[in-house]
Amino acid sequence: MPVTCGNRLAGKRRLEDMLTDLGEIRRRGEKLRAENERFRRFMKSHDVPERRLRKIAEAIQEQIDCTACANCCRVATAEVTERDVEKLARHLNLTPAAFRAQYTARDDDQTLILRRDENGCVFLNGTECTVYEARPATCVDYPHLVRGSGSIASRMWQFIDRASYCPIVFNSLEAFKDHLRFRRSK
Ligand code: SF4
Ligand code: SF4
C-alpha cells in the first residue's frame, strides 16, 4: 500500500536537531525498540519511497562525523573476508596467515571477525581506526543504511539494534517516521 509522505521538509534534520549523545541514544534506542519493531513491519507492508528515504539517510550521514564517534567499532563485531585479510595483511606487512593468527577470531557462528579487546576492535585507538585506509569493506559501508543491497525496508531488521548505538541509524529512523507520518507510540 503506498503511503502518504509528510511535506518534503518533514524528514529533514539539521545537526543541531539531531541526537548525537551516545548515552542518550542508547537509552532512547532501547526505549523505542518496540516502536521500531512496529515501524519495521509498517515499512514491510507499505510501498515506501526508497529514493527519498535514501536521500534523508544520506543527508544525516553527511552531517555526522564518524571519526569522532567510532561507537560501532566499540560495540559491533567486524566481519572480514579473504579480500579484507589480504588488504590488511599487506597494509601491516604481514602474511595473510600471520594476520589471521594475530588479528582475527571466530564468532559464535564461526564467521571470521577482527579480534576484540575490552575497548572493542583491536585496531581502535580512542576514536581512531589505526588501519583506516585498509579497513574491511563492512566498516567502509557501515552502518549499511545508505550503502547496502536491497531496499532499506528489506534491511530494517538490521537497524533495530543499531538504533541504540549508532547516531546515523537513530536519527534516520526518527526522520523516516516523520517523513512517512508514522503513528508513534504514546
Ligand atoms: S577496522 Fe577500524 S573501522 Fe573497522 S571496526 Fe576496527 S577500528 Fe572500526
Ligand atoms: S557508523 Fe554510526 S556508530 Fe559508527 S562511527 Fe558512524 S555514527 Fe558512529
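Helices (H or I, at least four residues) and strands (E, at least two) are DSSP runs, numbered from the N terminus. Leu-32 falls in the loop between helix H1 (22-31) and helix H2 (33-45). This is a predicted model, in which local features need pLDDT of at least 70 and side-chain atom pairs count only at pLDDT 80 or more, while totals for chains, interfaces and linings use all residues. Residues are numbered from 1 along each chain as its sequence is written, and chains are lettered from A and ligands numbered from 1 in the order in which they are written.

**Ligand shells**

- The residues around ligand 1 are Cys-73, Ala-78, Leu-114, Cys-121, Phe-123, Leu-124, Cys-129, Val-131, Arg-135, Pro-136 and Cys-139; a residue is near a molecule if its C-beta atom, placed from the backbone, lies within 6 Å of it.
- By class, this shell around ligand 1 holds ten nonpolar, no polar and one charged residues, where Ala, Val, Leu, Ile, Met, Phe, Trp, Tyr, Cys and Pro count as nonpolar, Asp, Glu, Lys and Arg as charged, and the others, Gly among them, as polar.
- Around ligand 2 are residues including Cys-66, Cys-69, Asn-71, Cys-72, Tyr-142, Pro-143 and Cys-166.
- The shell around ligand 2 divides into eleven nonpolar, one polar and no charged residues, and H4 and H9 each supply at least two of its residues.
- The peptide bond from Tyr-142 to Pro-143 is cis, with omega near 10°, and Pro-143 sits in the loop between helix H7 (137-141) and helix H8 (159-162).

**Nonpolar core**

- In the largest nonpolar core, which has 37 residues, Val-169 and Leu-173 touch the most other members; such a core is a set of buried Ala, Val, Leu, Ile, Met, Phe, Trp, Tyr and Cys residues joined through C-beta atoms within 7 Å.
- At least two residues of this core come from each of H2, helix H3 (50-63), helix H4 (71-75), H6 and helix H9 (167-179).
- H9 gives the most to this core, with six residues.

**Packing of H5 and H6**

- The axes of helix H5 (residues 82-91) and helix H6 (residues 96-103) come within 9 Å and cross at roughly 95°; axes are lines fitted to C-alpha atoms, for helices over the stretch in contact, and angles run from 0 to 180 degrees between N-to-C directions.
- H5 is therefore roughly perpendicular to H6, a class that covers angles of 65 to 115 degrees, with those under 35 roughly parallel, those over 145 roughly antiparallel and the rest oblique.
- Val-85, Glu-86, Leu-88 and Ala-89 in H5 meet Pro-96, Phe-99 and Arg-100 in H6, contact being defined by C-beta atoms, placed from the backbone, that lie within 7 Å.
- By class, this contact of H5 with H6 has five nonpolar, no polar and two charged residues.

**Burial and backbone**

- Leu-32 is buried because 21 other C-beta atoms lie within 10 Å; a residue is buried at 20 or more other C-beta atoms within 10 Å of its own, exposed at 12 or fewer, and partly exposed in between, with C-beta atoms placed from the backbone.
- His-179, in helix H9, counts as buried with 23 C-beta neighbours inside 10 Å.
- Asn-93, in the loop between H5 and H6, has phi near 55°, a positive value in a residue other than glycine, and counts as exposed with 8 C-beta neighbours inside 10 Å.
- Gln-110, in the loop between strand E1 (104-106) and strand E2 (112-114), has a positive phi of about 70° although it is not a glycine, and counts as exposed with 6 C-beta neighbours inside 10 Å.

Note on methods. Two residues are in contact if their C-beta atoms, placed from the backbone, lie within 7 Å.
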